[in-house]
Amino acid sequence: MSNKDLGLYHQMMDGDKKALESIYDKYEKLLYSFVIKLSGDQTLAEEVLQEVFIKLWTNKATYDETKGKFSSWIVTITRYTAIDIIRKNKNQTVALEEETDLPEQVGDSTEDIVEWKEQGDKIRKAVKELSNEQKQMVDLFYFKGLSQQEIANQCDLPLGTVKGRIRLALKHLKTHLTNGKGGVNDA
């Protein structure tokens, strides 16, 4: 998060409406495009954006700068908000494109865009290293937004098996992403 963004975030947390407007102006197109890419639904995208910025303003979502970039955090909040709204509306699951890179936004530095694309490449490579069962669990849980119980029902598996596969997949992904290795042969 740039010093300017960090300053705006803290000002907003102190109740500065202009700081919220500045954050909105900077991220609105990015988040809207992200939800459109996620769902293909303009009405949903508008509803999600409204909900995300309400969460920010009311401090229901709090950014911790020690855990990563603000842009990554706000996209994650947006993704989970979209999934929550879809579930609440009982629509069908969201089918995410395999390409999970953020749409490029005006004002992003070249370094930010390159870093985001590199991270996306690393994650896709790490997912390819998973067993077929683990890939399926990651796809259904993270990319299609199904709950663990819904996955168990859809795949006709015990809930404990689904939880175990997701946990093991995350362990393999973490190993692969932190050490540059990992995959189906790790235990």
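## Overall picture

Let's start with the whole chain. The protein chain has 187 residues, of which 35% count as buried. Its secondary structure amounts to 8 helices and 0 strands, so reading from the N terminus the order is simply α-α-α-α-α-α-α-α. Among contacts between residues at least 6 apart in sequence, 59% join residues at least 24 apart.

The average pLDDT of the protein chain is 77, and 76% of the residues score at least 70. Where pLDDT is low, the predicted coordinates should not be read in detail.

## Helix α2 against helix α3

Helix α2 covers residues 17-39, and it packs with α3 at an angle of about 145°, the axes being 9 Å apart. The crossing of α2 with α3 is right-handed. On the α2 side, the contact is made by Lys-17, Leu-20, Ile-23, Tyr-24, Tyr-27, Glu-28, Leu-31, Tyr-32, Val-35, Ile-36 and Ser-39. Facing them from α3 are Gln-42, Leu-44, Ala-45, Glu-46, Val-48, Leu-49, Val-52, Phe-53 and Trp-57. By class, the residues of this contact comprise 15 nonpolar, 2 polar and 3 charged.

## Helix α3 against helix α4

Helix α3 (residues 42-57) also meets helix α4 (residues 70-89): their axes come within 9 Å and cross at roughly 120°. That angle makes α3 oblique to α4. Here too the crossing is right-handed. From α3, the contact uses Leu-44, Glu-47, Val-48, Glu-51, Val-52, Phe-53, Lys-55 and Leu-56. The α4 side brings Trp-73, Ile-74, Ile-77, Thr-78, Thr-81, Ala-82, Ile-85, Ile-86 and Asn-89. The residues where α3 touches α4 divide into 11 nonpolar, 3 polar and 3 charged.

## Helix α2 against helix α4

In α2, the residues involved are Ile-23, Tyr-27, Leu-30, Leu-31, Phe-34, Val-35 and Leu-38. They meet Phe-70, Ser-71, Ile-74, Val-75, Thr-78, Arg-79 and Ala-82 in α4. Sorted by class, this contact has 11 nonpolar, 2 polar and 1 charged residues.

## Two residues to look at

Arg-79 and Val-35 are 44 residues apart in sequence, yet their C-alpha atoms are 7.3 Å apart in space.

Asp-156 sits elsewhere, in the loop between α7 (148-155) and α8 (159-179). Its phi is near 55°, a positive value in a residue other than glycine. Is Asp-156 buried or exposed? With a relative accessibility of 70%, Asp-156 counts as exposed.

Key
Residues numbered from 1 in each chain as written. Predicted model: local features only at pLDDT ≥ 70, side-chain atom pairs only at ≥ 80, totals over all residues. Heavy atoms only, no water. Axes fitted to C-alpha atoms, helices over the stretch in contact; angles between N-to-C directions. Helix = DSSP H or I, 4+ residues; strand = E, 2+ residues; numbered from the N terminus. Parallel < 35°, antiparallel > 145°, perpendicular 65-115°, else oblique. Left-handed = near helix turned anticlockwise from the far one by under 90°. Contact = heavy atoms within 4.5 Å. Nonpolar A, V, L, I, M, F, W, Y, C, P; charged D, E, K, R; others polar. pLDDT = per-residue confidence, 0-100. Buried < 20%, exposed > 50% of the residue type's maximum accessible area, 1.4 Å probe, protein only.
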